[in-house]
Amino acid sequence: MEKKNNLKTLTTVLSQYYQDNDRQKLNQLTQLLQNDTIKNPSDPFMRHYYLMSLSTLYHLDFLVASIDDQNELIDYFFNISYWQFYDLCLLANVVNMIHVERITPYIFDILKQYATNNMPTASVETVSKILINALETSIIQKKMTLLDIY
């Protein structure tokens, strides 16, 4: 339960910092999470939290992540057979820092799971956030592949 609470707290804070365009607080949080990741290299959640924070910073300037960071996330998403709340939150918060062509298959997988009612009702809001963020990302990256969904 603590992982879910930490995730919810982090996403709320990141959203607020993004809305406030508060780069200073985002930089501080990103640095703190990066330090925690270095101290706990075997903790994938710390690493994911760091990447979510980094993604929020990148979103302010419409930047994409390094290929290594993108590959790390894609490798994680590739191994998901059943999308759960944590996975959906992670994707929703990092989708903008990955080249849209690389995330499209996962969005289709999520929509398939959603359409077959194999997803908890609590995840519907997160799926909506993923779709909106992915659509924004496809427009910013000038890759209209996601528009074909609609």
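Author: Asparagine 21 has 45% relative accessibility, so it counts as partly exposed (buried is under 20% relative accessible area, exposed is over 50%, and partly exposed is in between, with a 1.4 Å probe and protein chains only). The model is predicted, with residues numbered from 1 along each chain as its sequence is written; local features need pLDDT of at least 70, and side-chain atom pairs count only at pLDDT 80 or more. Totals for chains, interfaces and linings use all residues, while side-chain values use heavy atoms, with hydrogens and water left out.

Asparagine 21 sits in the loop between H1 and H2 (helices are DSSP runs of H or I with at least four residues, strands are runs of E with at least two, and both are numbered from the N terminus). Its phi is positive, about 55°, although asparagine 21 is not a glycine. Most residues other than glycine have a negative phi. Phenylalanine 62 also has a positive phi of about 55° and is not a glycine. The loop that holds phenylalanine 62 lies between H3 and H4, and at 47% relative accessibility this residue counts as partly exposed.

With 12 residues at 1.5 Å a residue, H4 should span 16 Å, and its end C-alpha atoms are 16 Å apart, which agrees (the expected span is 1.5 Å times one less than the number of residues). Buried in H4 are Asp69, Gln70, Leu73, Ile74 and Phe77. Seen down the helix axis, the buried residues of H4 fall within an arc of 130°, so they line one face (the arc is that of the directions from the axis to the C-beta atoms). The face turned away from them carries the exposed residues Ile67, Asp68 and Phe78. On the buried side, H4 packs against H3, H5 and H6, where contact means heavy atoms within 4.5 Å.

One of the residues in H3 is histidine 48. At 5% relative accessibility, histidine 48 counts as buried. Leaving aside neighbours within four places in sequence, histidine 48 is in contact with Tyr76, Tyr86 and Leu90. The C-alpha atoms of histidine 48 and leucine 91 are 10.0 Å apart, though 43 residues separate the two along the chain.

Phe77 and Ile103 touch the most other members among the 40 residues of the largest nonpolar core (a set of buried Ala, Val, Leu, Ile, Met, Phe, Trp, Tyr and Cys residues joined through side-chain atoms within 4.5 Å). Two or more residues of this core come from each of H1, H2, H3, H4, H5, H6 and H7. H3 gives the most, with eight residues. Not counting residues up to four places away in sequence, isoleucine 103 touches Ile74, Leu91, Val95, Ile98 and Ala134. In soluble globular proteins, nonpolar side chains tend to be buried together.

As for the whole chain, there are seven helices and zero strands. Of its 150 residues, 41% count as buried. Among contacts between residues at least 6 apart in sequence, 67% join residues at least 24 apart. The C-alpha trace spans about 40 × 35 × 30 Å along its principal axes.
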